[in-house]
Amino acid sequence: TDPMRVGFKREAMIGVRVSGDTRDVAEAIAALPEVDYVVLTAGSFDLILEIVAEDDEHLLSLINDHIRVLPQVRETETFVYLQLEQQTYAWGTR
């Protein structure tokens with residue numbers, strides 16, 4: 001389902017830099033119902049997550065009140081989706 005077609009007007013990918021154990025932060029963020037997925041990564045971010053929010057105010061609240069307040073979160077960078085061009089889950093079976 002395309003979240004934008006069912007009333008969610010804002011999607012964003014957020015890169016998170018963490019101090020300490022990234023698994024603890026990933027677990028805390030994954031518990032938020034608006035978080036679609038959380039990935040532990042190697043590279044410039046420790047975590048990458050996707051959020052589906054009702055609007056910009058909801059997105060701001062999630063970032064400021066639920067993610068940035070975690071003591072291990074050092075930085076976040078938000079990439080707001082302007083348009084979702086393609087999203088497939090056609091991996092098939094083996």
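Colleague: What share of the contacts with a separation of 6 or more comes from residues 24 or more positions apart?
Modeller: In this predicted model, residues 24 or more positions apart account for 65% of those contacts.

Colleague: Which pattern does the protein follow along the sequence?
Modeller: The order is β-α-β-β-α-β, made up of two helices and four strands.

Colleague: How much of the protein is buried?
Modeller: Buried residues make up 32% of the 94 residues.

Colleague: Which residues touch the most other members in the largest nonpolar core?
Modeller: They are Ile-29, Leu-49 and Ile-51, in a core of 19 residues. At least two residues of this core come from each of strand 1 (10-18), helix 1 (22-30), strand 3 and helix 2 (56-67).

Colleague: What does Ile-51 touch, leaving out residues up to four places away in sequence?
Modeller: Ile-51 touches Arg-10, Glu-11, Ala-12, Ile-14, Glu-34, Val-35, Leu-59, Leu-62 and Ile-67.

Colleague: How far does helix 2 reach from its first C-alpha to its last?
Modeller: Helix 2 spans 15 Å over twelve residues, close to the 16 Å expected at 1.5 Å a residue.

Colleague: What happens at the start of helix 2?
Modeller: There, a side-chain oxygen of Asp-55 comes within 3.2 Å of the backbone nitrogen of Glu-57.

Colleague: Where is Glu-54 found?
Modeller: Glu-54 sits in the loop between strand 3 and helix 2, and is partly exposed at 46% relative accessibility. The C-alpha atoms of Glu-54 and Lys-9 are separated by 5.3 Å, although the two residues are 45 residues apart along the chain.

Colleague: Turning to strand 4, is Thr-76 buried or exposed?
Modeller: Thr-76, which lies in strand 4, is buried, because its relative accessible area of 17% is under the 20% limit.

Colleague: Which side chain does Thr-76 join in a polar contact?
Modeller: The partner is Arg-68, and the polar contact between the two side chains is 2.9 Å. Not counting residues up to four places away in sequence, Thr-76 touches Ile-14, Gly-15, Val-16, Ile-63, Ile-67 and Arg-68.

Colleague: On to aromatics: how many aromatic pairs does the structure hold?
Modeller: The structure holds one aromatic pair. Phe-45 and Phe-79 form this pair, with 6.3 Å centre to centre and 85° between the planes.

Colleague: Why does the pair count as edge-to-face?
Modeller: The pair is edge-to-face because the 85° between its planes is over the 60 degrees required.

Colleague: Is Phe-45 buried or exposed?
Modeller: Phe-45 counts as buried at 11% relative accessibility, whereas Phe-79 is partly exposed with a relative accessible area of 37%.

Conventions
Residues numbered from 1 in each chain as written. Predicted model: local features only at pLDDT ≥ 70, side-chain atom pairs only at ≥ 80, totals over all residues. Heavy atoms only, no water. Phe/Tyr/Trp six-rings, centres within 6.5 Å; stacked < 30°, edge-to-face > 60°. Buried < 20%, exposed > 50% of the residue type's maximum accessible area, 1.4 Å probe, protein only. Core = buried A, V, L, I, M, F, W, Y, C linked by side-chain atoms within 4.5 Å. Contact = heavy atoms within 4.5 Å. Expected span 1.5 Å × (residues − 1). Polar contact = N/O pair within 3.5 Å; in protein donor to acceptor, adjacent residues only side chain to side chain.
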